[in-house]
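Here is a short briefing on charged pairs and the ligand site. Look over the sequence and the model first.

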Amino acid sequence: MSIRSRLSLMIGGLLVFLTGAIAGGLYMAERNALLQRLEATRKSTLDQFAQTCRDALIVHDELAAISAAQALGRSFGVVQALFANGKGRVLAHSDAREIGGVYAAPKNQRESRPGEHRWTDVSKGDVVALSERVSLGKGPPGTAVIVYSQRSLEELVQKSLEGLWRRILEVSAMALILGLVGAWAVARNLIRPIESLTRATHRLASGDLTHRIVVDRRDELGRLGSDFNLMAGKLGELDQMKEDFVSNVSHELRSPLSAIESYANVISDEWRAERRENIPDYLTILRNNATRLGRFINDILDTAKIEARAVEVKKQPLDAAVVLNDVAALFLPKSREKSIRLSADPVPPKLPLLADPDKLHQILTNLTANALKFTPMGGTVTLRAETADPVSDHRLRESLARVAPERPLASAYVRLSVADTGPGIRTEDQQRIFNRFEQVREIRNTVRGAKGTGLGLAIARGLAEAHGGVLTLKSEPGQGSVFSVVLPGVA
Ligand code: ADP
């Protein structure tokens, strides 16, 4: 059974129960109110009858008492009405034959409450007699009695409630029908987004990562729909990343390998033909490609080490100026090739730098290589070293807290940065490019030659964090980028 039918049935069942309970309660309340009204009427009728008989006896007008009893005897539900004096002699009776006789209450009567007796009359069935003492001045008090037939009373109640019962049933039936239609509409409204989610999940499961749900509500189901869209978007991105990665990796593996293979063939042909003058150049190309291949394999191994938190950091005091100048010198040929002005700013004196020299070199070469790769011809790349203070720099404080929330702040930090005049990076890409294999597609497409694999920044960040530091980025599209590694310094 579908959820919609189950929900409709559940709500419908609840409605039937509620309508039944309300209708039953209403009927019982109305019945009790009617019985109370009847009892009050009977009591006041008896009062009036007793009063009439007393007044009639005072003025010796017994006929008035008799006609009152007879009028009562003709009323609906009254079996008999009588008035007896203090000696029990019947002075007035609804049945004229009983006048003058002696009033004796039936043997099988029982008192249900003061002044009210019940017994069974052979001809009338159950009866209820209401009696009231009537003071007649001197002498013992008389008694006014009205005997009602229980069956005719019940018939009266039944008849009065018949109309009410019908009205209750009609209203309940209407409420029930409306309720069921409402329940069906509510179930439909609730189930519709679940159905569309089910369809969307099915399409996603069959490989269609582009399908999205139309989210037109703000409740939990709306949030579920938005989260589904978000998840589908992320899956799409992952899929794209996988494709990019496979194409990048195969490019990074295949192009140096095929270069090595073809240059090895060329060298062997040239050697055999005894044309040796170009062989040193070919060997350089061969070595460069072998280096590129080795670098890629090292990147993969470094990434695995960082993920396993197995990076070993051997810190030692370093001279920041030497570190920056080494990196600048390394990339000078490359920067000239692209007509980019690469320089290292003067380093402030007594900069307390403590780091693993190889790892720091790896971070800075990665950042500088990126800066040169993405900065267009004629741009500048500047290396800089300075002290950093997380107490006054809240962005740095937040970055450090995000990486290691439980680690207390060091007393001194050093910032080594690489600033370029390249394309800059959009805010929405600034976090994700630090994840492995993530690249900015548009920026990557501007690069000529090797496109990279998206591992460099992930490795640089992992190495910075292994030092107890962070890798930060400040950038705006069109304004260039500043990548900084901030490391704890010597206290
Ligand atoms: P790769 O350079 O191999 O693509 P990285 O992890 O070093 O991998 O960089 C990831 C991405 O970050 C790059 O593909 C590029 O889109 C972006 N990026 C990195 N450095 C810069 C920079 N200096 N300027 C603009 N974009 C950059």
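Is Arg415 buried or exposed? Arg415 is buried, at a relative accessible area of 15%, because buried here means under 20%. The model is predicted. Arg415 takes part in one of the 20 salt bridges that the structure holds.

**Arg415 and Glu386**

- Arg415 pairs with Glu386 in a salt bridge, with 3.6 Å between the closest N and O atoms.
- Arg415 sits in strand S11 (residues 413-420) and Glu386 in strand S10 (residues 380-388), so this pair ties together parts 29 residues apart in sequence.
- Glu386 is partly exposed, at 29% relative accessibility, whereas Arg415 is buried.

**Glu337 and Lys334**

- A salt bridge links the side chains of Glu337 and Lys334, at 3.8 Å from N to O.
- Both residues belong to helix H6 (residues 320-337). They are three residues apart, so about one helical turn separates them.
- Glu337 is exposed, with a relative accessible area of 59%.
- Lys334 is partly exposed, at 39%.

- Glu428 and Arg426 form a salt bridge, their closest N and O atoms lying 3.7 Å apart.
- Glu428 is exposed, with a relative accessible area of 56%. Arg426 is partly exposed, at 36%.

- The side chain of Asn370 places an N or O atom 2.7 Å from an oxygen atom of the ligand.
- Lys373 has a polar side-chain atom 3.0 Å from a ligand oxygen.
- Val440 uses its backbone instead: an N or O atom there lies 3.0 Å from an oxygen atom of the ligand.
- How much of the ligand does the protein bury? The ligand alone exposes 530 Å², and the protein buries 97% of that.

**The shell around the ligand**

- The ligand is surrounded by 21 residues. Asn370, Asp420, Gln439, Thr453 and Leu457 are the closest.
- Helix H7 (357-374), helix H11 (456-466) and strand S13 (481-488) each contribute at least two shell residues.
- Which element gives the largest share of the shell? H7 does, with five residues.
- By residue class, the shell holds nine nonpolar, eight polar and four charged residues.

How values were computed: Residues are numbered from 1 along each chain as its sequence is written. This is a predicted model: local features need pLDDT of at least 70, side-chain atom pairs count only at pLDDT 80 or more; totals for chains, interfaces and linings use all residues. Side-chain values use heavy atoms; hydrogens and water are left out. A salt bridge is a side-chain nitrogen of Lys or Arg within 4 Å of a carboxyl oxygen of Asp or Glu. Helices (H or I, at least four residues) and strands (E, at least two) are DSSP runs, numbered from the N terminus. Buried means under 20% relative accessible area, exposed over 50%, partly exposed in between (1.4 Å probe, protein chains only). A residue is near a molecule or strand if one of its heavy atoms lies within 4 Å of it. A polar contact is a pair of N or O atoms within 3.5 Å; within protein, one must be able to donate a hydrogen and the other to accept it, and residues adjacent in sequence count only if both atoms are side-chain atoms. Accessible areas come from the Shrake-Rupley method with a 1.4 Å probe; for residues, only the protein chains shown count as cover. Ala, Val, Leu, Ile, Met, Phe, Trp, Tyr, Cys and Pro count as nonpolar, Asp, Glu, Lys and Arg as charged, and the others, Gly among them, as polar.
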